[in-house]
Amino acid sequence: MNVLVGGVDSPVRSFRSVGGTPIFFESGRGAYLVDVDGRRYLDLVGSWGANILGNAPNSIVAAVRRAAARGLTFGAPAPAEHELAERIRRAAPELQRIRFVSSGTEAVMSAVRVARGFTGRSRVVKFAGCYHGHSDGLLARAGSGVASLSLPDSAGVPPSVVRETIVGRYNDSNGLAELFERYGESIAAVVVEPVAGNMGVVPAEASFLSAISRLARRHGALVIADEVITGFRLRRGTIHATLGLTADLVTLGKIIGGGMPVGAYGGRRAVMETLAPIGPVYQAGTLSGNPLTMVAGAAMLDGLDPPAYVRLERTAAALAATLETVAEQERVRPFTVQRVGSMLGLFFARGPIADEADSRRASRKRYARFFHAALDRGVYLPPAPLESAFVSLAIDRRDLARAEPAVRAGFRASRSGSS
Ligand SMILES: *Cc1c(COP(=O)(O)O)cnc(C)c1O
């Protein structure tokens, strides 16, 4: 068990921020996960949003089986890549050209490189609380104050790299205007989650998104909409344009791989064609466009017709209502649910939460007690506060009704001890 660093391959899995030791899962089917001791849990994490159809949907498993029998990787072009790209473009026509990679991290890192190559500029603006994967330059959040040149969030990231990253405050249009005043001529791109899903769930105000579009255009910077979570989660396609953000580049991941490792980025043809082999920006990958991933993604998209989003909305609204009602009945205050479609942010804090500073006010200790009491009764929530919970299409009202006692126990536990 100790060969893996900290026992895990990704730190948030370690239960570090809620205490205790992680559950080891053996299988998953539909709405439920089963651990190595045979205990069942209602899955409200969905592999961090990737499993929007639930666990191991028959259609995806069958597609992957068939593809596996034909070959696991070619390292050469194959029809499945073009088919998934076509399907994505039909749902999100602004992705005139697409490139597949193997993770969301790679997608955003590469989109930033393209933006720098296209504009010939070096600085990137991101917002505190937004996560864009773990590439060096994007592992930075805000210092104090409205906005500041940033310090690395991680050891091993040279300050010289993060110096090219400017961190603004989410939902702060004036702050962004000031950043553009100061650094406008050197800003290659603004990267933003159109709905933040990595500081709990924090919707962007329409005026903030339109300010990003306006300021970037005026100063000759590109806009990168990071839709690694929101792409195909909130509607069939991307969400940024619906919310009022005009983007030059879009990043995708999670859902579009059907549960296999994936990332993709795309956008305006003129911008994307700065990429090799057409243009001078280099980006490559041995397993990029992997045939199993491509067919899994296509099968996933087949399961996501417009009525699917209506169903998701209903289930997620019912879950939010249950959480709010039970919290009220158990006199848990403050407690706030922020929901956008099937993404739910649970905050033991007074709402609304509009940026990272707000999200930090939420009680971590209360969340940890809530989490463990619910877990003991068979409900698997994100094992860290300030992570989004996700509803899948495999979850129905009966599952939610069955989960209510666990949620109630969670709220009761949250009240005990210190806050
Ligand atoms: C998950 C996520 C990423 C990183 O994707 P990985 O596949 O984990 O590398 C990037 N951006 C956002 C918004 C994400 O939620």
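Modeller: A helix here is a DSSP run (H or I) of at least four residues, a strand is a DSSP run (E) of at least two, and both are numbered from the N terminus. The model is predicted.

Pro352 is in the loop that runs between E15 and helix H10 (356-360). The peptide bond joining Gly351 and Pro352 is cis, with omega about -5 degrees. Most peptide bonds are trans, and most residues other than glycine have a negative phi.

What does strand E15 belong to? Its sheet is open and has 3 strands in the order E14-E15-E17, with antiparallel pairing. The edges are strand E14 (336-340) and strand E17 (389-390), each of which pairs on one side only. Strands of a sheet pair through backbone hydrogen bonds, and the pairing is either parallel or antiparallel. Strand E15 covers residues 343-347, and its antiparallel pairing with E17 is made over 2 bridges. In one of these pairs, Leu344 has Ala389 in E17 as its bridge partner. Helix H9 (residues 306-329) lies across E14 and E15, and this helix runs at about 175 degrees to E14.

Between them in the order, strand E2 (residues 32-35) and strand E3 (residues 40-43) pair in the antiparallel sense over 3 bridges. Leu33 has Tyr41 of E3 as its bridge partner.

The peptide bond from Ala276 to Pro277 is cis, with omega near 15 degrees. Pro277 is placed in the loop between helix H7 (269-272) and helix H8 (291-302). Phe15, in the segment before E1, has a positive phi near 65 degrees, although Phe15 is not a glycine.

Among the residues around the ligand are Ser103, Gly104, Thr105, Tyr131, His132, Asn198, Asp226 and Lys254. The shell divides into 3 nonpolar, 6 polar and 3 charged residues. How far from an oxygen atom of the ligand is the polar side-chain atom of Thr105? The distance is 2.6 Å. For Gly104, a backbone N or O atom lies 2.8 Å from a ligand oxygen atom. For Asn198, a polar side-chain atom lies 3.3 Å from an oxygen atom of the ligand. Taken alone, the ligand exposes 380 Å², and the protein buries 83% of that.

Definitions and conventions. Residues numbered from 1 in each chain as written. Predicted model: local features only at pLDDT ≥ 70, side-chain atom pairs only at ≥ 80, totals over all residues. Heavy atoms only, no water. Pairing = 2+ DSSP bridges. Contact = heavy atoms within 4.5 Å. Axes fitted to C-alpha atoms, helices over the stretch in contact; angles between N-to-C directions. Near = heavy atom within 4 Å. Polar contact = N/O pair within 3.5 Å; in protein donor to acceptor, adjacent residues only side chain to side chain. Areas by Shrake-Rupley, 256 points an atom, 1.4 Å probe, with all protein chains shown as cover. Nonpolar A, V, L, I, M, F, W, Y, C, P; charged D, E, K, R; others polar.
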